[in-house]
Amino acid sequence: MIKRYKKMLKQEFLHYSKDKLQKDLLAGLTVAAVALPLALAFGVSSGADAAAGMITAIIAGVVIGSLSGGFYQISGPTGAMAAILTGIIATQGLAGVLLATFIAGLILLFAGLLKLGSLTSFIPSPVITGFTSGIAIIIALGQIDNFFGTSSTGENALAKLISYKDGFSPDFPTLALGIIILLILLLYPKKWNQILPASLVAIILATFATIIFQFPVAKVGTIPTSLLTGERLQLSALSLSSIKQLLLPSISIAMLGMIESLLCGASAGRMTGKDLDSNQELIAQGIGNIILPFFGGIPATAAIARTSVAIKSGAQTRLAGIFHALFLFLSMILFAPIMSQIPMAALASVLLITSWRMHEWATIKAMIHEKNRSALLLFSVTMFSTIIFDLSIAIVIGVICSCIFFIAKSARISIVTEDIDWQRMNLPDSPVGSDWAVIYITGPLFFMSANQLKKTLDQVIDKEGLIFSLRGVPSIDLTALDSFNDYFSIATLNQQKLIFTSMQPEVEKQFNRLWEKREHSPIQHPTVAHALHEIHQTF
């Protein structure tokens, strides 16, 4: 892996020039402008604070960006991760999040070393779309307090939503400011967004308006000018009991980090034509998340929006991601007093827009338009499971449901029974074979389709002979073989002749094992046509 990483760097920086450096600097600055408001917002929405979001973006940008499996990957705090962290903070506090981040980093590192980068390909697309939508809804629900100036109680977004039944009293200045910022974000011209991100403009305007007019609204609070914050992971916190307690949340964080980062890399790889080294990416994410909690940072993953901005801004190498982190660090040092005055309502508006855009609307519309019921059901089950439970359980439920749907779909086999037609075979009419039938079977024969097979065989028991065409049968299991074995015994008693044709190699192997145990085995032919010619000439 080290050799491959060195080779990747060598190819990446081959013929590196001043012109490429300028492009990386400009791309880094552009991404920083997009990342600044999001880092603050995701830090707050996670249940930590804005400072934690900034530190995460800076450390992840340098560490993960340097080791990434693709030069285009930009890592930092994300909305999806923030949605998971709120529940952990509610029960375990920020110390629990820091420890869970460390454990998740170890899991990701070992996943990369064990070359498990292809695991996400086993998760069906509707499941991924469903948990993405579920997380987006959790983010939106989590911003109700900041947007309306209310307060709620509960360990998760759903519990907080239910708590509003005891009273919901919006704060007018907070709500008014939130609506104004929301309108700015919605009405901001798209062509301007390429020059200066709408979220950055909206937050700057909201901050200066709050400072000038002294709006009585909740603000972000103190922004440190150092990467070492007051609350960070201490080695003394690493104990067996605490690790056991946080193992499941850590697995959720690691799973989400893996899914987000590898999906981001797959998307960016298509944009750049450069494939992501998925195992190297997991190693980078693992090392980054191991280091982050010692600085007071929250979990980081690759971010699709920031990565696409980097690519569209002309990023040439991984230096663009490192530069973006350095620009964020400079802004934290220079503008900490101003950033501490950012109103929470402004960040809530940014997150509400972000959560709306997180939904994969094109994919959802396609599922509805194509009336793909199984995909829609998978999407819905995963989405609601994400909201009600957590990511790990939601993905497990989604994958199990998809397996059930696949098995149920696979059970739909086609069995067609036809009487012999000599004219169709260009053979002279003959009474020979007049009481024979050809049974065409298409689809896998296994325990769920065995009953359909048995019903068909029961209907042709009185025929003089049967020709089975198994060209369309890719596999057969023991249950289906037992059905045939039982029928062989009945056919032998009735003196019914059986011929098998067009068998796939694996299916033929299974039947041969069965026939070895019997005194008489059925006749085999390569095709139905061969079998019919043989019947016409022999019987």
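So, how far apart are the axes of helix 3 and helix 15, and at what angle do they cross?

What we have is a predicted model, where local features need pLDDT of at least 70, side-chain atom pairs count only at pLDDT 80 or more, and totals for chains, interfaces and linings use all residues. Residues are numbered from 1 along each chain as its sequence is written, and side-chain values use heavy atoms, leaving out hydrogens and water.

On confidence, pLDDT being the predictor's confidence in each residue from 0 to 100, the protein averages 88, with 98% of its residues at 70 or more. Helix 23 (residues 528–538) is lowest, at a mean of 80, and helix 13 is highest, at 95.

Overall, there are 23 helices and seven strands; those are DSSP runs numbered from the N terminus, H or I of at least four residues for helices and E of at least two for strands. The radius of gyration is 31 Å, well over the 24 Å that the globule rule gives for 539 residues, so the protein is more spread out than a compact globule. That radius is taken over C-alpha atoms, and the rule is 2.2 Å times the number of residues to the power 0.38. The C-alpha atoms fill a box of roughly 100 × 65 × 55 Å along the principal axes.

Okay, back to my opening pair. Helix 3 (residues 50–67) and helix 15 (residues 319–339) have axes that come within 8 Å and cross at roughly 165 degrees. Axes here are lines fitted to C-alpha atoms, for helices over the stretch in contact, with angles from 0 to 180 degrees between N-to-C directions. That makes the two helices roughly antiparallel; the cut-offs are under 35 degrees for roughly parallel, over 145 for roughly antiparallel, 65 to 115 for roughly perpendicular, and oblique for the rest. The contact (heavy atoms within 4.5 Å) includes Met54, Ala57 and Gly61 of helix 3 and Ala325, Leu328 and Phe329 of helix 15. Its residues split into ten nonpolar, five polar and no charged. For the classes, Ala, Val, Leu, Ile, Met, Phe, Trp, Tyr, Cys and Pro are nonpolar, Asp, Glu, Lys and Arg are charged, and the others, Gly among them, are polar.

Now for helix 13 (residues 278–291). Helix 4 (residues 79–113) and helix 13 have axes that come within 7 Å and cross at roughly 160 degrees, so they are roughly antiparallel. Among the contact residues are Gly105 and Leu109 of helix 4 and Leu282 and Gly286 of helix 13. That contact has ten nonpolar, seven polar and no charged residues.

Helix 12 (residues 247–272) packs on helix 13 too, at about 135 degrees with the axes 10 Å apart, and the pair is therefore oblique. Met258, Ser261 and Leu262 of helix 12 meet Ser278, Glu281, Leu282 and Gln285 of helix 13. Those residues come out as three nonpolar, three polar and one charged.

Last stop, a loop. Proline 444 sits between strand 4 (436–442) and helix 20 (450–459). Valine 473 is 29 residues away from proline 444 in sequence, yet their C-alpha atoms are 5.3 Å apart. Leaving aside neighbours within four places in sequence, proline 444 touches Ser410, Ile413, Ser449, Pro474 and Ser475.
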